[in-house]
Amino acid sequence: MSVLDKARAVAAGSNTRVVFPELDDPRVAEAARRLTDDGLCTVLDVAADPTEAQVAALVSARGMKEAMARRLLQKPLYRAAAMVAAGEADAMVAGADSPTRRVIEAASMALGLANGVTIPSSYFLMVFPDGREFVFADCAVNVAPDAVMLEAIARASADTATALLGEARVALLSFSTGSSGTGDSVDRVRNVAEATGFTGPVQADAALNATIAAKKGLGSGDANVLVFPSLDAGNIAYKLCQELAGAQAIGPFLQGFARPVCDLSRGATVDDIVASTLVTIALAQHS
């Protein structure tokens, strides 16, 4: 059963409350209608007015003054995130009509990061025509992660893969495998590999091909989580997989927050929004 089939099965029995702060977008409205008609979630619009619970959630999360919290809650993204923080919704799906940075700001202010997480990051769930499924990270948020940031991305991606794919086999990608190359980026990846126990630094072919992995002497060649050394590498890779291999790129999703947040691409189709919501619901059952 594919990860989307599993997510659909989970959603069908969960009655998860998902808030969509952009229901005025026709694509989001149609996706919400499909999800409702199929009984896959309870669709929520942003609350007409901020509730006292939402105000309290912002004050508690950031220690801000009540007046500032009420001003922020005039913005739909903040109100949606505060609904999740206040327990009025279980997850948030946004981004169809909002920049990623705005979605992250709202989630950061209202929800905060999960325990042990130092930065938010993103991933795509990549589904290939042959049935293989991967987590690609970070492809949308962190431009040039240092070793601390890269470690946070790798650990969060491992948690995501465990929740969605059943297990995480993490490869920290580089232009070099093992000790064959040197340079700042290789050293950074090597440090993260040593700190986490994940495979790396490793070239993409060795991460994915058991024969090549054996020749190069690192890993087992069966990674299902690919952590890229920079946003350049990750973003280019997922788009190449889409265009040249016909892969479906579901997301991007934000990870590292205390509750599930989906940051849709502004070019998302109705099908993309439905699929992304199903994955978000599946993650909500693990948080």
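Colleague: What do the side chains of Arg33 and Asp37 form?

Modeller: They meet in a salt bridge, at 2.6 Å from N to O. Keep in mind that this is a predicted model.

Colleague: How many residues apart are Arg33 and Asp37 in helix α2?

Modeller: They are 4 residues apart in helix α2, so about one helical turn separates them.

Colleague: Is Asp37 buried or exposed?

Modeller: Asp37 counts as exposed because its relative accessibility is 52%, and the cut-off for exposed is over 50%. Arg33 has 41% and counts as partly exposed.

Colleague: Which residues are linked with Arg33 and Asp37 in a network of salt bridges?

Modeller: Glu30, Arg34 and Asp271 are linked with them in that network.

Colleague: And how many salt bridges are there in the whole structure?

Modeller: A search of the whole structure finds 16. One of them joins the side chains of Asp38 and Arg8, at 3.9 Å from N to O. Asp38 is in the loop between α2 and β2 while Arg8 is in helix α1, so this pair ties together parts that are 30 residues apart in sequence.

Colleague: Which residue forms a salt bridge with Lys216?

Modeller: That's Asp205, with the closest N and O atoms 3.6 Å apart. Lys216 lies in helix α10 and Asp205 in helix α9, so parts 11 residues apart in sequence are tied together. Lys216 is partly exposed at 35%, and Asp205 is partly exposed at 36%.

Colleague: OK, new topic. Which residues touch the most other members in the largest nonpolar core?

Modeller: That core has 49 residues, and the ones touching the most other members are Tyr123, Leu125, Leu164, Val227, Ile250 and Val279. Leaving aside neighbours within four places in sequence, Tyr123 is in contact with residues including Phe136, Leu164, Phe253, Val279 and Leu283. Another core of 28 residues lies apart from it, with Val55, Met64, Leu73 and Val103 among its members.

Colleague: Where do nonpolar side chains tend to be in soluble globular proteins?

Modeller: They tend to be buried together. Still, this model also has a nonpolar surface patch of about 340 Å², made by Ile236, Leu240 and Leu244. Ile236 is in helix α11, residues 231-245.

Colleague: Last one: which residues does the UniProt domain annotation cover?

Modeller: The unreviewed UniProt entry gives "Phosphate acetyl/butaryl transferase" as a domain over residues 54-281. Over that stretch the chain is 47% helix and 17% strand, and the end C-alpha atoms are 21 Å apart.

Methods: Residues are numbered from 1 along each chain as its sequence is written. This is a predicted model: local features need pLDDT of at least 70, side-chain atom pairs count only at pLDDT 80 or more; totals for chains, interfaces and linings use all residues. Side-chain values use heavy atoms; hydrogens and water are left out. Patches are made of residues with over 30% relative accessible area and no salt bridge: like charges are joined within 9 Å, nonpolar side chains (Val, Leu, Ile, Met, Phe, Trp, Tyr) within 5 Å. Accessible areas come from the Shrake-Rupley method with a 1.4 Å probe; for residues, only the protein chains shown count as cover. A salt bridge is a side-chain nitrogen of Lys or Arg within 4 Å of a carboxyl oxygen of Asp or Glu. Helices (H or I, at least four residues) and strands (E, at least two) are DSSP runs, numbered from the N terminus. UniProt positions are given in the numbering used here, feature names are shortened, and annotations may be inferred rather than shown by experiment. A nonpolar core is a set of buried Ala, Val, Leu, Ile, Met, Phe, Trp, Tyr and Cys residues joined through side-chain atoms within 4.5 Å. Buried means under 20% relative accessible area, exposed over 50%, partly exposed in between (1.4 Å probe, protein chains only). Contact means heavy atoms within 4.5 Å.
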